[in-house]
Amino acid sequence: MRALFERALTAAGLHVVDGGKLWAAYREFEQALLIAMEENSKDVKDKQVDRIRNLFRRQLSVPLSDIDSTLQDYKFWEEQQGVVIGNDIDHLAGLPSNVISAYKKALQMYNARAGYEEKVARGKHADTELFQNYLSYINFEESSGDPARVQILYERAITEFPVANDLWLSYTQYLDSNLKVPSIIKSVYAIAVRNCPWVEALWAKYMLALERFDASEEELSAVFERSLHCGFPNPNEYLDLFLVRADGLRRQIMKMDEISKSSYLAQLRETFQRAAEYLSSHLNYTDQFLHLHAYWARLEYQLGGDLEAARGVWESLIKTCGGMLEVWQGYINMELSAGNISEARAIYKKCYSRRFKGSGSEICESWLRFEREYGSLDDLDRAITKVTPRLKELRLFQQQQETKSHEIVGPSPIGQKDDITKSVTKEKATYQASSKLSNSLQASNKRKTGVGFNDRKDQFKRKKGAHGKGLSSVTPNKGGELGLSNNDGKDRDTVSRELVHGEAYQQTEVANLNSVEQPVYTDQCTAFLSNLSFEVTDEQLRQFFSDTGGVMAIRLLRDRFSGKPRGLAYIDFQNEEKLSAAVEKNRQTLLGKKVSIARSNPKQSKREQPGRGRIAGGRGGRALSGRGSDTRTDERRGSSAQSAPTAVSNQQKGHVKLTGSNTFAMPRNVARTARPLGWGVKDNRSNDAEETPKSNEEFRKFLLKS
């Protein structure tokens with residue numbers, strides 16, 4: 001029982017608030033043993049008294065919240081044993097000097113921690129504030145340098161926040177660096193991966209800790225297999241687990257002799273094969289996938305001594321990622337490190353004519369440099385003979401691309417190059433803003449002429465300031481069409497053509513009709529960040545990417561209604577190199593949260609299908625008409641528009657107005673007030689002139705006569 005109490009004191013005896021309960025229970029147990037002892041066993045009773053006295057003095061040296069009451073209990077117990085402690089001048093008189101100094105030090109330590117204990121008291125603060133208070137308390141204890149007290153405080157924080165992954169990562173890191181007790185570290189990692197199985201870093205550190213304390217291969221393999229079934233969201237996390245497992249096997253093989261390492265080599269090869277099969281669909285054509293195969297091939301050659309197996313690794317990678325220049329260069333470098341010049345030359349002959357990302361001339365230049373350093377003069381001449389036509393082809397293709405881009409932008413003085421580029425970007429934005437309206441008008445005039453679709457001029461060649469005046473308001477006029485103002489003497493067709501070209505499109509404003517430039521984000525070199533803290537700012541993000549550099553713009557996304565942060569952001573970088581370096585910071589911690597960073601890959605917008613455009617105020621897509629339109633259509637539209645006021649007045653009088661091509665079936669009492677098709681405003685027919693309704697017999701005779 002005494003050993004159990006000692007274990008309990010080691011585990012929680014330093015708890016500032018509740019640790020005194022364990023000490024009190026331990027003292028009560030020892031005092032009960034003293035009372036139960038017989039009177040004749042004086043030596044045994046003296047030993048028990050000394051044991052209780054030492055227990056009191058040990059407790060007085062620990063900074064606990066009930067340290068004052070413990071001192072009073074100790075004085076009372078000593079009086080029972082015939083020893084008086086304290087007087088009117090000094091309440092510690094009669095105690096040994098070492099006990100007095102330990103008590104004063106413990107009291108001072110408690111006073112330094114009383115404020116922190118008040119902040120971490122449960123029920124007085126919100127969870128977020130409580131979590132931050134625990135972190136501050138932990139930092140204070142770490143500065144004091146007592147690992148046991150730091151561990152107790154971490155255990156208290158974990159009890160309050162059992163699924164806080166950042167807290168677990170910090171706790172395990174502290175144990176690995178400072179405590180280094182195998183039994184404690186193993187148990188902490190086992191609980192950590194059970195509470196937060198979605199944190200890949202905990203599994204990786206768990207395997208490293210097991211290897212550090214010489215765990216068995218069965219235990220390591222079991223933890224690795226458990227980690228693969230946790231469903232991590234990022235394939236890079238699975239890649240890291242596979243690499244941690246491969247690193248451990250490599251270190252084990254390096255300690256073994258040639259006879260006993262064959263089984264570990266088989267496990268290492270199986271680990272790489274599983275990683276390649278699982279990650280091929282997720283990390284294909286990436287540097288991480290290339291690094292995995294390069295590492296695999298190097299271990300096959302260096303540890304296993306099997307060059308053919310290493311070549312097989314590179315050949316399998318070429319089948320899936322043969323379009324990466326780095327794959328071929330890695331294969332060639334392995335052959336050069338092995339001294340196989342002819343094999344390296346054969347690889348150059350296989351890949352020099354392939355098309356790679358970039359200019360494509362890098363592999364040709366690399367081959368020529370290889371022949372200059374390793375080959376003979378004849379080898380160099382043969383390489384030049386093969387490479388020269390390929391280089392000419394690449395230069396011609398590059399010149400064609402430059403010519404096309406030059407034709408789009410147009411020649412300009414050096415000082416005006418940036419201004420023209422900005423102008424072209426602005427014109428493109430204006431053209432895109434009016435594309436929906438253009439599609440709508442094209443649908444309404446699909447078989448008509450005079451709108452001006454065939455003779456549309458290039459938007460980018462329009463003179464500066466050539467914005468014409470267009471729509472005065474989008475409301476129907478007496479003719480039944482959209483109201484177009486003929487400002488500056490322009491006819492309706494001219495205004496319609498300008499409307500189609502996007503030069504004068506505005507629905508609500510009348511005074512200023514210049515097109516408003518909207519920001520256009522292409523996300524060509526952009527990173528997408530998620531799981532951000534809601535308190536993060538642009539400056540904090542710039543500081544987070546200060547080591548990579550190249551941050552051009554930051555866009556923090558907010559809710560369009562409430563304006564609150566959504567924890568998402570887009571960050572534009574200067575070039576691909578800076579973007580790749582930024583993506584490497586994936587899952588790093590910012591403001592207490594692991595930030596997910598990925599390359600932005602926006603979906604391509606669907607092209608507008610002709611005939612689906614709509615203009616505000618019209619439902620049939622026939623609000624505008626140009627020259628050469630159908631005359632009867634115009635007449636029908638005009639007559640229906642002219643009769644609109646009459647219809648409104650008839651409705652106000654209690655009559656019903658029916659329109660359309662099926663008015664022959666209207667009731668007779670409605671037909672008396674309804675106007676037939678084609679009846680204009682000028683046809684003022686009185687009700688007296690209307691024909692008297694015929695009977696059925698008269699109607700039969702009328703049909704037989706005809």
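The model is predicted: local features need pLDDT of at least 70, side-chain atom pairs count only at pLDDT 80 or more, and totals for chains, interfaces and linings use all residues. Residues are numbered from 1 along each chain as its sequence is written, and side-chain values use heavy atoms, with hydrogens and water left out.

Start with the spaces. On a 1 Å grid over the protein atoms alone, a cavity is a set of points where a 1.4 Å probe fits but cannot get out. A pocket is an open set with protein on both sides within 12 Å along at least five of seven lines. Lining residues have an atom within 4 Å of a point. Grid points are joined across faces, edges and corners, and a volume is the space filled by probe spheres set on the points.

The second largest pocket holds about 930 Å³ of space. Its lining has 32 residues, and the closest to its centre are Tyr285, Thr286, Asp287, Ser580 and Arg599. Several helices and strands contribute two or more residues each, among them α14 (287-302), α24 (576-583) and β8 (596-599). Helices (H or I, at least four residues) and strands (E, at least two) are DSSP runs, numbered from the N terminus. The largest share of this lining, four residues, comes from β8. By class, the pocket lining has 11 nonpolar, 13 polar and eight charged residues. Here Ala, Val, Leu, Ile, Met, Phe, Trp, Tyr, Cys and Pro count as nonpolar, Asp, Glu, Lys and Arg as charged, and the others, Gly among them, as polar.

Now look at the closed spaces. There are seven cavities of 30 Å³ or more. The largest cavity has about 90 Å³ of space. Its lining includes Met207, Glu211, Leu220, Val244 and Arg251. Helices α10 (200-212), α11 (217-227) and α12 each give two or more residues to that lining. Helix α12 gives the largest share, six residues. The second largest cavity has a volume of about 70 Å³. Among the residues that line it are Phe534, Leu556, Arg558 and Pro565. Strands β4 (551-558) and β5 (565-573) each supply two or more residues. This lining has seven nonpolar, two polar and one charged residues.

Next come the charged pairs. Side chains of opposite charge can pair when their charged atoms come close. A salt bridge is a side-chain nitrogen of Lys or Arg within 4 Å of a carboxyl oxygen of Asp or Glu. The whole structure has 24 salt bridges.

Two residues from the largest cavity's lining form one of them: Arg251 and Glu211 meet at 2.7 Å, N to O. Arg251 lies in helix α12 and Glu211 in helix α10, so the pair ties together parts 40 residues apart in sequence. Arg251 is partly exposed, at 29% relative accessible area, while Glu211 is buried, at 16%. Buried means under 20% relative accessible area, exposed over 50%, and partly exposed in between (1.4 Å probe, protein chains only).

Glu371 and Arg345 form another salt bridge, with their closest N and O atoms 2.8 Å apart. Glu371 sits in helix α18 (residues 362-374) and Arg345 in helix α17, so this pair joins parts 26 residues apart in sequence. Both residues, Glu371 and Arg345, are buried. Salt bridges with shared partners join Arg345, Glu371, Asp379 and Arg382 into one network.
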